[in-house]
Amino acid sequence: MRVWWHRDGTTHVIFEPLDFIARLAALVPKPRVNLTRFHGVFAPNSKHRALVTPAKRGKGNKSQVHNETEERTPVERHAAMTWAQRLKRVFNIDIETCGECGGAVKVIACIEDPVVIKKILAHLKKKASPAPTNLLPSVRAPPQAELFG
Ligand SMILES: [Zn+2]
């Protein structure tokens with residue numbers, strides 16, 4: 001592992017494999033932890049946050065929050081951005097547009113159970129790989145030219 005800068009002039013650090021893996025594993029975040037931390041006016045408790053965010057959420061937006069509750073239902077406020085929209089925004093993965101025709105795609109179910117996912121994928125795999133003989137024309141005898149000559 002190369003260290004680019006250190007006060008005592010150290011340029012390299014050598015680890016035992018287990019130590020290296022332990023240090024590497026310590027960097028892996030826990031599942032479902034928010035990895036983006038905001039500071040300054042974007043911090044969750046900043047009183048100026050409402051002025052600089054598009055959703056106008058934050059501590060300094062009490063009057064506007066009150067207006068928002070009149071216009072939008074609690075469900076609408078909670079689901080301000082779907083996970084599909086977040087996927088598109090963060091990773092530029094668009095699952096709301098059909099890859100073939102460009103039409104709008106609607107999420108009808110979200111399946112997280114690994115057992116169910118395996119069953120569905122096994123079924124699709126079975127369906128997608130028919131025997132190649134199904135694609136061939138039906139079997140027939142070769143043309144018998146002597147019958148017509
Ligand atoms: Zn389509």
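A: The predictor's confidence in each residue is expressed as pLDDT, on a scale from 0 to 100. This is a predicted model, in which local features need pLDDT of at least 70 and side-chain atom pairs count only at pLDDT 80 or more, while totals for chains, interfaces and linings use all residues. Residues are numbered from 1 along each chain as its sequence is written.

The chain has an average pLDDT of 80, and 79% of its residues score at least 70. Where pLDDT is low, the predicted coordinates should not be read in detail.

The chain contains six helices and zero strands, these being DSSP runs numbered from the N terminus (helices: H or I, at least four residues; strands: E, at least two). Of the 149 residues, 1% are buried; a residue is buried with 20 or more other C-beta atoms within 10 Å of its own, exposed with 12 or fewer, and partly exposed in between, the C-beta atoms being placed from the backbone. Contacts are pairs of residues whose C-beta atoms, placed from the backbone, lie within 7 Å. Among contacts between residues at least 6 apart in sequence, 2% join residues at least 24 apart.

Helix α5 covers residues 83-91, and the count of buried residues among its nine residues is zero. N92 follows α5 and belongs to the loop between α5 and α6. Although N92 is not a glycine, its phi is positive, at about 60°. N92 is exposed, with 7 other C-beta atoms within 10 Å.

Helix α6 is hardly covered, with a buried count of zero.

A further positive phi, near 65°, is found at R32, a residue other than glycine. R32 lies in the loop between α1 (17-26) and α2 (49-52). R32 is exposed, with 5 other C-beta atoms within 10 Å.
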